[in-house]
Amino acid sequence: MSAKSNTMIKKLFLFHLVPFTLAGLLICGALIWISACTATYCGSTYIISGEQVRTKGVYDNLIYGDQAELDFIASLKNKNQLTIFGSSEFTDAPLCSYNFLPDSLGIQSLGIGHAHHQCFSILCELLAASEYVAKSKICIVLSPSWFHTYGTNTEAFAEFVRPHFIEKIVHEKSIDNKYKIAIGKYIHEHRNEFTGISNGMAFLKDEYCLAEGNWLDFINASLHKKLVSMHQNSFPIQNIIYQPKLKNMERKEWVADKNKTMQGLQQTFLASITTNKLYVNDEYYNLYVKDADGIEAIGEIKEIDFDNNQELEDFKLLVDLLVKKNANCSFVIQPINPYYYQYADRNIPLIDTLTKILDKHNLPYLNMYAPTKEAYDPGVLKDVMHLGDYGWMKINYFLDSLYYEHQ
Amino acid sequence: MSISKQIIKNTLIYFLLIFGYMYLYLVDIDQILFPQENMEVKSKIDFVYQQF
């Protein structure tokens, strides 16, 4: 080694490494000293109490404030009520289960969701209400389209996983750390897609970085946690307590002829279509399927990448929670319209995977998926992928037979 | 400049850099000065509903 490079190493050591180490030691000393002088802060308790208002209908999301959160928690706490999670098939139609079951049978039901409401946000919502999930009647209406996305998007996460829910998850000691780490991972990976990171989100993000992050994430999370603990008054995480006063509905007798009702709904739908042979309602067909030149579009189902499917991982985590919490849960697997979508059979491995997971845990489900035109029951969907009255009525019968028929 | 003065100067610079990193990057100094209890987080991206 030359004398010049020797001098350079000496300089680097003396003028940079030594000062950097000294500065690091000074900071560590300061942190230890300050944290020893800081009083411990206990997060304030925020109680959300009141009467359960919604025993029917749907919340398209949970941004409507404390009452929406309270109704959601009450729906899970009330063992007489069915909570239905789903996505874009949820409308205000009278035959949707959360309208039909309360109106016709006096079975109280609440729907939660709109488009993009997928497994991960459902998981987080259930975690926030985890103390009430046991024995709770829960139905999750799955759409195969979820598994063709990159998982729950940040818009849906922010709309459904409310700040109070995050705080509830942080404080809830009975929640297994693996779920907290999974949420922290989601927040860490999507941190640049949010307008900010709340204190609760930062807590969960740190949990993930400390458990599974790389060395830089680990150092950052350790420092962040230390700084937050030193300034706890500035980073409060409230302890949320929900105290809903439950409401119960009177049961009604339903004497309709099942076959006649189903047939009638199917025939009414089929008779209403005048523009196409795809079993898509005229309005949707003219708006989305037919282009300006009158040419009919064709959809195509792509092969699913099972090695890298976030939604499938989220689904497994969701099933795991429901099983562990002993929820009285069921699933509905929706079809897609094979008259519109080519290669609907490409979803067969996905449907098999989902049903195998559900079978393994002995969870009841209604599989409506049809991989071919021959197997498809026209009218189940009102368009290319959204449930119609006939499809909803099938679900209503399934839910009634599963949860209420023999009570 | 003597060696010891140079070391002290660099120590101070590194101290300020680490301090700044911690209080400006890792935690928001604004949050320490003006704590916010209920922070509403939104998505920066508006996802448009699309058929797959």
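Which residues does A:Ile140 touch, not counting residues up to four places away in sequence? The answer is A:Phe85, A:Ile122, A:Cys329 and A:Phe331, where contact means C-beta atoms, placed from the backbone, within 7 Å. The model here is a predicted one, with local features needing pLDDT of at least 70, side-chain atom pairs counting only at pLDDT 80 or more, and totals for chains, interfaces and linings using all residues. Residues are numbered from 1 along each chain as its sequence is written, while chains are lettered from A and ligands numbered from 1 in the order in which they are written.

Since 10 of the 10 residues of H4(A) are buried, the helix is largely enclosed by the rest of the structure; buried means 20 or more other C-beta atoms within 10 Å of a residue's own, with C-beta atoms placed from the backbone.

Then there is the sheet: an open one of 6 strands in chain A, ordered E2-E4-E3-E5-E8-E10, with parallel pairing (pairing takes at least two DSSP bridges). E2 (58-59) and E10 (365-367) of chain A sit at the edges with a single partner strand each, so one side of each lacks a neighbour in the sheet. E8(A) (residues 328-333) pairs with E10(A) over 3 bridges, and A:Ile333 stands opposite A:Asn367 in E10(A).

Note on methods
Two residues are in contact if their C-beta atoms, placed from the backbone, lie within 7 Å. A residue is buried if 20 or more other C-beta atoms lie within 10 Å of its own, exposed if 12 or fewer, and partly exposed in between; C-beta atoms are placed from the backbone. Helices (H or I, at least four residues) and strands (E, at least two) are DSSP runs, numbered from the N terminus.
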